[in-house]
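Student: I would like to learn how to read a protein structure. Can we go through one feature at a time?

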Amino acid sequence: MADALVLTLPERLLTKGSLSVLVVKEGDYHFDRAEIEYKLPGMRPDVLVHKGDRPLLVEFKVTHACGDEKIARIREQELAAIEIDLAPYRDRKLDEIGPIILHEAKRIWLNNPKDMNAELKLDNQLRKIEEDNRTEAKRRLAAYRVRRPNMSSIRKCGRAGSQSLRRSKRSAS
């Protein structure tokens, strides 16, 4: 992987309610360089790739997934990280699984620093929808009040109508 600088990244989609924000589009991404077993504070990722000044940690899941503690350290350092599931290919030789590692094996995001901006965007969209819903509810209530008949007028009309009905019955008898 240190020689091949193209890696397929999985889609990263954040969802709240009925809204979604695409953080990363699935596809092949080109990187400037790759380092194997590069030591970072508190961790040593399997591979560290760089695109400009942005690093991406690549972890390989062979016998077990990344633990919560390691994921917490990744998040604390605000690093982007993916995990590539190589468990189904455990019995293959390394020279046979190059394309599998780079493009085919199942992969997930462990963390993406862009998530925070996407979450803010979703929160703002949800607030706008709630605000629009409140405004629409107020508009409908005001329209209803304008169209709604005045109940005291209906009662007066009802009394007057029943009094004239009684008079017409008396005069008919």
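Student: How many residues lie between E6 and E7 in their hairpin?

Tutor: Some ground rules come before the count. This is a predicted model, where local features need pLDDT of at least 70 and side-chain atom pairs count only at pLDDT 80 or more, while totals for chains, interfaces and linings use all residues. Residues are numbered from 1 along each chain as its sequence is written, and side-chain values use heavy atoms, with hydrogens and water left out. Helices (H or I, at least four residues) and strands (E, at least two) are DSSP runs, numbered from the N terminus. In this hairpin, 2 residues lie between E6 and E7, and Gly 52 in the turn has a positive phi of about 65 degrees.

Student: Which strands form the open sheet, and in what order?

Tutor: Two strands pair if DSSP finds at least two bridges between them. Here 5 strands form the open sheet in the order E5-E6-E7-E8-E9, with mixed pairing. E5 (33-36) and E9 are the edge strands, each pairing on one side only.

Student: Which pairs run parallel, and which antiparallel?

Tutor: E5 and E6 (residues 47-51) run antiparallel, joined by 4 bridges. E6 and E7 are also paired in the antiparallel sense, over 5 bridges; in this pair His 50 stands opposite Pro 55 of E7. E7 and E8 run parallel and are joined by 6 bridges. One example is Val 58, whose bridge partner in E8 is Ile 82.

Student: What is the handedness of the crossover from E7 to E8?

Tutor: A crossover is right-handed if, with the strands pointing away from the viewer, the path from the first strand over the helix to the second runs clockwise. The chain goes from E7 through H1 to E8, and this β-α-β crossover is right-handed.

Student: Which residues of H1 are buried, and which are exposed?

Tutor: Buried means under 20% relative accessible area, exposed over 50%, and partly exposed in between (1.4 Å probe, protein chains only). In H1 (residues 68-76), Lys 70, Ile 71 and Ile 74 are buried. They sit on the same side of H1 because they cover an arc of only 100 degrees around the axis, taken from the directions from the helix axis to the C-beta atoms. Asp 68, Glu 69 and Glu 76, on the other side of H1, are exposed.

Student: What do the buried residues of H1 pack against?

Tutor: Contact means heavy atoms within 4.5 Å. The buried residues of H1 pack against E7 (54-61), E8 (80-85) and E9 (107-111).
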